[in-house]
Amino acid sequence: MIAAHKILDIPLIVTEQNPKALGATATELDLSQAKINIPKTKFSMFVPEVEKELQGIKSVVLFGIESHVCVLQTALDLLENNYDVHVLADGVSSMNSYEIEHALNRVKSAGGYVTTSESILFQLLGDSKNEKFKSISNLVKETKEATAGNKLFVKSNI
């Protein structure tokens, strides 16, 4: 999804949960083009800086770690503030894998959408005639094995 945001020119908003104590985001993730990248201690990423960046935006795609804490609390806060929330089932994780399914079910119960990275990418494109279709299609092919290998997603009953 990080690579896709560059192709689709969609803002990437990044928060890090208490990086002084927990460490920074993995350097393998290229966050150099993130619109903002801020540390936080609140579990939800819906903090004033993020709220400001989301002005004028209706829908949000969430992915990240600790699905049952930060991702869930962010989704609930966004839903409460009338955003359409799409959580990527293949884009979340947890130290306790059984937590993922419960978190995603709670998002759905609260009115959010649970989807996959491939599904949301083609939803964002809308049409195979889109000039960015080939780039996104190639990205999906490049990452298909990694997504298919997501044992947490395959294990889920969502």
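Start by selecting Phe122, which counts as partly exposed because its relative accessibility is 29%. The model on screen is a predicted one, so every value here is computed from predicted coordinates.

**Stop 1: the aromatic pairs**

Two aromatic pairs are counted in this model. For the one in view next, select Phe46 and Tyr83: the ring centres are 6.0 Å apart and the planes stand at 70 degrees, which makes the pair edge-to-face because that angle is over 60. Phe46 sits in the loop between strand 2 (36-40) and helix 3 (48-53), and Tyr83 in the loop between helix 4 (67-80) and strand 4, so the pair ties together parts that are 37 residues apart in sequence. Phe46 and Tyr83 are both buried.

**Stop 2: helix 4 against helix 5**

Show helix 4 and helix 5 as cartoons. Their axes are 10 Å apart and the helices pack at an angle of about 5 degrees. Helix 4 and helix 5 are therefore roughly parallel to each other. To see the contact, display the side chains of Ser67, His68, Leu72, Ala75, Leu76 and Leu79 on helix 4, and of Glu99, Ile100, Ala103, Arg106 and Val107 on helix 5. By type, the residues of this contact divide into seven nonpolar, two polar and two charged.

**Stop 3: Ser94**

Last, select Ser94, found in the loop between strand 4 (84-92) and helix 5 (98-109). Is Ser94 buried or exposed? Its relative accessibility is 12%, so Ser94 counts as buried.

Which side chain makes a polar contact with the side chain of Ser94? Select His68: the two side chains make that contact at 3.2 Å. Then turn to Asn96, whose backbone oxygen lies 3.0 Å from a polar atom of the Ser94 side chain.

Finally, display the surroundings. Leaving aside residues up to four places away in sequence, Ser94 touches Glu66, Ser67, His68, Glu99 and Ile100. Among these, Ser67 and His68 of helix 4 and Glu99 and Ile100 of helix 5 also take part in the contact between the two helices.

Key: Residues are numbered from 1 along each chain as its sequence is written. This is a predicted model: local features need pLDDT of at least 70, side-chain atom pairs count only at pLDDT 80 or more; totals for chains, interfaces and linings use all residues. Side-chain values use heavy atoms; hydrogens and water are left out. Helices (H or I, at least four residues) and strands (E, at least two) are DSSP runs, numbered from the N terminus. Buried means under 20% relative accessible area, exposed over 50%, partly exposed in between (1.4 Å probe, protein chains only). A polar contact is a pair of N or O atoms within 3.5 Å; within protein, one must be able to donate a hydrogen and the other to accept it, and residues adjacent in sequence count only if both atoms are side-chain atoms. Contact means heavy atoms within 4.5 Å. Rings of Phe, Tyr and Trp (its six-membered ring) pair if their centres lie within 6.5 Å; planes under 30 degrees apart count as stacked, over 60 as edge-to-face and the rest as tilted. Axes are lines fitted to C-alpha atoms, for helices over the stretch in contact, and angles run from 0 to 180 degrees between N-to-C directions. Angles under 35 degrees count as roughly parallel, over 145 as roughly antiparallel, 65 to 115 as roughly perpendicular and the rest as oblique. Ala, Val, Leu, Ile, Met, Phe, Trp, Tyr, Cys and Pro count as nonpolar, Asp, Glu, Lys and Arg as charged, and the others, Gly among them, as polar.
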